[in-house]
Amino acid sequence: MRLTVRAITLTLLLLAVAATASADTVSLTITDGGSNTSGGVYVGPYNFTSGGQSLQLICDTFANDVFPPETWNAQTTSFSNLSGTLFGSANQTKYLEVGYLAEAMFANLSNPGTVADIQWAIWDIFDAGSCGTGVSNCDPYGTPNDLNGINGWVAAAIANPGMASNYSNLVIYSPVSGWPAQDGVPQEYIGQVPEPGSLMLMGSGLFSLLAFRRRLPS
């Protein structure tokens, strides 16, 4: 019986994780662009609130500015289901490359120079720019600090995109409605959800319910 309870608990927990990663609509409010800049722009991660929770998100497209405290609705999508994203499932390879870079950025948040290089590399993948070689080489704001580093990260992402399952802890936030009428469509963002602590709490709650069920008479 103990094995059955553990198996059911694990199954329910995995279903909860899958439900969290599937498409849903949330409200995003940008609070600030962080403190890290390069090439005359903020390079994130950017700070948001959503449903009372604080989020650090990575921007995956250079186009379309947002300004605190703008709020809009975004669809959350996993890397295994890209049909509702800004660039669509036809660009799955690019999303996988960006997923590789997003994982690298979250692993290097203590190094502002690396964060800046990775952010520009992400923008280069989806925004070729008028010169056709990425916005880091021809953006309208200025020249990033480290073009060699940016190009190195782009090359690494192209060489190591991996599979969608590699990025199961990442979620894409694609704008769908609600932004100010005077502004263009907001950028798309990528974040880490759900938080491990939330999953542990959910798992312990499920296990407690199942343990209580075992004590009931048959």
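Helix α2 covers residues 92-107, and at 1.5 Å a residue its 16 residues should span 22 Å; the end C-alpha atoms are 23 Å apart, which agrees. The expected span is 1.5 Å times one less than the number of residues in the helix. Helices here are DSSP runs of H or I with at least four residues, strands are runs of E with at least two, and both are numbered from the N terminus.

These values come from a predicted model, in which local features need pLDDT of at least 70 and side-chain atom pairs count only at pLDDT 80 or more, while totals for chains, interfaces and linings use all residues. Residues are numbered from 1 along each chain as its sequence is written, and side-chain values use heavy atoms, with hydrogens and water left out.

**Overall composition**

The chain contains six helices and eight strands. Read from the N terminus, the order of elements is α-β-β-β-β-β-β-α-α-α-α-β-β-α. Of its 218 residues, 42% count as buried, where buried means under 20% relative accessible area, exposed means over 50%, and partly exposed lies in between (1.4 Å probe, protein chains only). Among contacts (heavy atoms within 4.5 Å) between residues at least 6 apart in sequence, 69% join residues at least 24 apart.

**Helices α2 and α3**

The buried residues of α2 are Y95, L96, E97, V98, G99, L101, A102, A104, M105 and F106. They pack against β5 (53-59), α3, α5 (147-159), β7 and β8 (189-192). In α3, 13 of the 15 residues are buried, so this helix is largely enclosed by the rest of the structure.

**Strand pairing**

Two strands are taken to pair if DSSP finds at least two bridges between them. The pairings below are given with their bridge counts and directions.

| Strand pair | Bridges and direction |
|---|---|
| β1 (residues 24-32) and β6 (residues 71-77) | six bridges, antiparallel |
| β6 and β7 (residues 170-177) | five bridges, antiparallel |
| β7 and β8 | four bridges, antiparallel |

S27 stands opposite N73 in β6, and N73 in turn stands opposite S177 in β7. Q75 stands opposite S174 in β7, while Y173 stands opposite Y189 in β8. Six of the eight residues of β7 are buried, so this strand is largely enclosed by the rest of the structure.

**The largest nonpolar core**

A nonpolar core is a set of buried Ala, Val, Leu, Ile, Met, Phe, Trp, Tyr and Cys residues joined through side-chain atoms within 4.5 Å. The largest one has 46 residues, of which F48, F79, W123, Y173 and Y189 touch the most other members. Helix α3 (residues 112-126) supplies the largest share of this core, nine residues. Leaving out residues up to four places away in sequence, F48 touches L28, T29, I30, T31, Q53, S54, L55, L57, W72 and Y189.

S136 is found in helix α4 and is buried, with a relative accessible area of 2%. Its side chain makes a polar contact of 2.7 Å with that of D124 and one of 3.4 Å with that of N137. A polar contact is a pair of N or O atoms within 3.5 Å; within protein, one must be able to donate a hydrogen and the other to accept it, and residues adjacent in sequence count only if both atoms are side-chain atoms. Beyond its neighbours within four places in sequence, S136 is in contact with W120, D124, P144, L147 and I150.

P144 lies in the loop between α4 (135-138) and α5. P144 is buried, with a relative accessible area of 5%. Apart from residues up to four places away in sequence, P144 touches S38, G39, W120, S136, D139 and I150. The C-alpha atoms of P144 and D117 are separated by 8.1 Å, although the two residues are 27 apart along the chain.

**Confidence**

The predictor's confidence in each residue is its pLDDT, on a scale from 0 to 100. The chain has a mean pLDDT of 81, and 77% of its residues reach 70 or more. Over residues 1-21 pLDDT stays under 50, and the model has 18 contacts beyond four places in sequence for them. Over residues 197-218 the pLDDT is also below 50, and this stretch has 16 contacts beyond near neighbours in sequence. Where pLDDT is low, the predicted coordinates should not be read in detail.
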